[in-house]
Amino acid sequence: MDKLQTIIASVIILASLASCSDKDDNDSNSENVAMVKVDTINVDVILPSSILDNWQQTIDWAQENIAMAQKMEKRQVTLKLRYHNEDTEDLDRLAYNLMHPETSADTCHAIIGPYYSDHATTFLSYAAQTRTPVVMPTCTNGELQRINARNTYAWFLTESDITQCEIMFSAIRTMGGKKVALVYSDDSYGKTFYDWFNFLATENDLTIVGEPTSYHSGDNLYDFLRQAAIDANSGNTMLCLALSNPEDYVLVSDEVENYMSDPAPGAETIFNLMCSDKALSEEVVNNEYMRSFIGISPVGAIAYGFPQDYRERFGRLPYNGEAQLYDALCLIAFGAVHQIASPQECLVNNKQVAYKSKPYGPGLTDYMRSVVTSFSTNDSLVSTLWNANGLATVFHELHKGNDTNILHGSSGDLYFDNDSQTKIVNSNYMVWTVEKNYNENSTNLSILNKIVPLCYLSTGGGSSTVSTNNIWEKEKRWQQKMEEMVGNVHELPHVVDYWAVVISPSTTWANYRHQADAFAMYQTLRQHGYDDDHIILIVEDNLANDSRNSKFPGQIFVERSDDENLSDMLVNFDVRKNAKVDYHFSDLTPDDVGEIMLGHQSDRLPYVIHPDSTSDVFFFWSGHGGSGEGPLWGNEDAYSYFGAQRINDIVTQMNTTNSYRRMMFAIETCFSGKWGEALTGQPDVIVLTAANGRETSKADVHNSELGVFLSNAFARTFRQFVNQKNTITLRDLYIELAKTTNGSHVSIYNEKEYGSVYTNNMQEYFPK
């Protein structure tokens, strides 16, 4: 059904409702009005006063449409907005007071904001106590969204800057770009772009020139530009700028202009600028000296008419975040109506919401989740728009207890992630440039520039946008790669026994996940037939009794959940239980690990492995890594690597002495592909890494009770699929790891020296 049909259908519904309630006399109409019950929902809006001034007309428009859409309902909700200045309030005190009201009339039912990602953690930490929905139109920090990915009260209505980085690369590829470089601000904003730059460049088959470099205002970029130009070997290079300070775009542009006017000999290239959303500012757009550039910025949904209707109504295009703000108000109203109309039923993914800890029952945030779940899963329903007529249809269906129609929101399709149903998975972006004009009547020739849209993109695609989902559709690429992974067929003896070495070099509370993953891998090995004598477990084991672990003394977890439907056997399981730690990490040196793997037993090293040519050996490492040689010997501030050459030498000696039949390395660190590269060529050795040799890897399972990440995506998926089916082939395990490990490229190395990844399976290392 197209837009016109939708509007007509909605009008018919309103007309039929009106005709059913019409009476022949005015007294009857007055009686109907008197029968209307209005429930007030307190919504606290946390914004800087300047942003509130810009957004006020959208707030008024949304409130007007929400009221108009409920005009024919006998039970209505109204949103009472209470404003707080984000720039001047004591935010910690404000967040506490909102969650601890003095009277029931002061109850905060929902929060909209804050505007800045750096302030969101304060409100989310207090909201966790009551699961009060915090709906954030503009909080896009990648780390913030990742940490809160499974929190059912944390609503993100714009995708993270990870998506903006993705859109940036899609635009570059669409324009025929081949070579890219990055300058990023040395803060949390720039870090997101740095973390994902290598990953997305690889996905888009783009060549990185120069090492991505951080920037402080006033830095000299000559050496960086020179190296990037040398790597580019002439031609055009797209220089991506991810700078949090608008003035820095002008400064960097000036640096680029100066370099190109007098390049280093043999290092000539043309740098074209691609700027992130912070460039959409008066300082940049109207700067006379800012050279030509292309920008990226999130916008409302062109396909559903919000920017067009907004411009017709208010005479300008909406500012960043206004479309998401409109949707935030609507979602809160939907949830409130659903809670009132169906107090006994709150289904999310067709399951009644219940929690193991207080508050046990569903709250407003869960009814909001229930509404958007029906949007996302029931494709047979008629789509409705964000305007008053579309909202009326949604409210009417909610009052009848029916599934709601799929809503095309002002910011796009209201589709949310599968885990929490609170993180938007489709945003719309504008690729734009500036058309420079000059005011000829002015003595100083002041610039009156015009923003010119070039195209619109979104992660989901749709009318008027280009889809970028192909970035994530890796199946064809995997299949093509796997067809080459047939490898050599080696004549091997029958396997007789199994040995494992499990190591975590991390010792700090912040790195909890590394030791937790090591303990969890130990438990997985025990579940699949290993006894303690055949596992060498090397961890510091200093976290279980840490003072910060007071809630779970003596215990370590890789996942905690109130969701009773999770089937993973390690959810809420103490992975340290009955574990036999052979060595504390701090008692060993890198050379000691070699001695242990080579079976060189001594008084100081009583526990070693004793494999021979009939033994399969499994090696797992979870920790930090660096761009030099991969895994670090210690925490993230360690100044030494274990050594890529060292691990290669150890395996070479094991091969020479017939100390393994087959061997698998599973390495969970940043830049872990360095070890895969080092071990390439070793017979009957396979290496699976969480990242390639140029990438960081990402933590995965965050826990608000402990305030740390509990696990990494690579290790979690590895355990889950081996536990589900120990006969899973290397090819299938690799694909599952690649699908679920976001932010880095899971890589497989040395398959040609190992054998067919289609026929060899994990039972060789997890026998039972």
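Which residue in β18 is the bridge partner of Val434? It's Ile451, and we'll come back to that pair below.

## What you're looking at

This is a predicted model, where local features need pLDDT of at least 70, side-chain atom pairs count only at pLDDT 80 or more, and totals for chains, interfaces and linings use all residues. Residues are numbered from 1 along each chain as its sequence is written, and side-chain values use heavy atoms, with hydrogens and water left out.

The protein has 22 helices and 29 strands. Those labels are DSSP runs numbered from the N terminus: helices are H or I with at least four residues, and strands are E with at least two. Of the 768 residues, 57% are buried (buried is under 20% relative accessible area, exposed is over 50%, partly exposed is in between, using a 1.4 Å probe and protein chains only). Now take the contacts with a separation of 6 or more: 71% of them link residues 24 or more positions apart. Contact here means heavy atoms within 4.5 Å.

## β17 and its two partners

Strands of a sheet pair through backbone hydrogen bonds, either parallel or antiparallel. For two strands to count as paired, DSSP has to find at least two bridges between them.

Let's start with β17, residues 428–435, where seven of the eight residues are buried. One partner is β11 (residues 293–299), joined to β17 by six bridges in the antiparallel sense; Pro298 has Tyr429 of β17 as its bridge partner. Another is β18 (residues 450–458), also antiparallel to β17, with eight bridges.

## β9, parallel on both counts

β9 (residues 236–242) is mostly covered too, with six of its seven residues buried. Strand β6 (residues 179–185) runs parallel to β9 and is joined to it by five bridges, with Val180 opposite Met238. Strand β10 (residues 270–275) also runs parallel to β9, this time with six bridges. Look for Cys240, whose bridge partner in β10 is Met274.

## Two open sheets

β14 and β15 (residues 407–409) run parallel and share two bridges; Thr384 has Leu407 as its partner in β15.

Another open sheet has six strands, ordered β21-β20-β22-β25-β26-β29, and its pairing is mixed as well. The edges are β21 (535–538) and β29 (747–749), each pairing on one side only. From one strand to the next, the twist averages 10°. Inside this order, β22 (residues 615–622) and β25 (residues 662–668) are parallel, with seven bridges, and Trp621 stands opposite Ile667.

## Helices that cross

Two packed helices are described by the angle between their axes and the distance between the axes. Axes are lines fitted to C-alpha atoms, for helices over the stretch in contact, and angles run from 0 to 180 degrees between N-to-C directions.

α7 (residues 161–174) packs on α8 (residues 188–203) at about 45°, with the axes 9 Å apart. That makes α7 and α8 oblique to each other (under 35 degrees is roughly parallel, over 145 roughly antiparallel, 65 to 115 roughly perpendicular, and the rest oblique). Among the residues making the contact are Ile162, Met168 and Phe169 of α7 and Phe193, Trp196 and Leu200 of α8. By class, the contact has 10 nonpolar, two polar and two charged residues (Ala, Val, Leu, Ile, Met, Phe, Trp, Tyr, Cys and Pro count as nonpolar, Asp, Glu, Lys and Arg as charged, and the others, Gly among them, as polar).

α9 (residues 222–232) and α10 (residues 246–261) pack at about 55°, with their axes 10 Å apart, and they're oblique to each other as well. Tyr222, Leu225, Arg226 and Ala229 of α9 meet Glu255, Val256 and Tyr259 of α10. This contact has five nonpolar, no polar and two charged residues.

## A buried loop residue

Finally, find Thr729 in the loop between α21 (713–724) and α22 (730–740). Thr729 is buried, with a relative accessible area of 14%. Leaving aside neighbours within four places in sequence, Thr729 is in contact with Val757, Tyr758, Asn760 and Asn761. Thr729 and Gln763 are 34 residues apart in sequence, and their C-alpha atoms are 8.7 Å apart.
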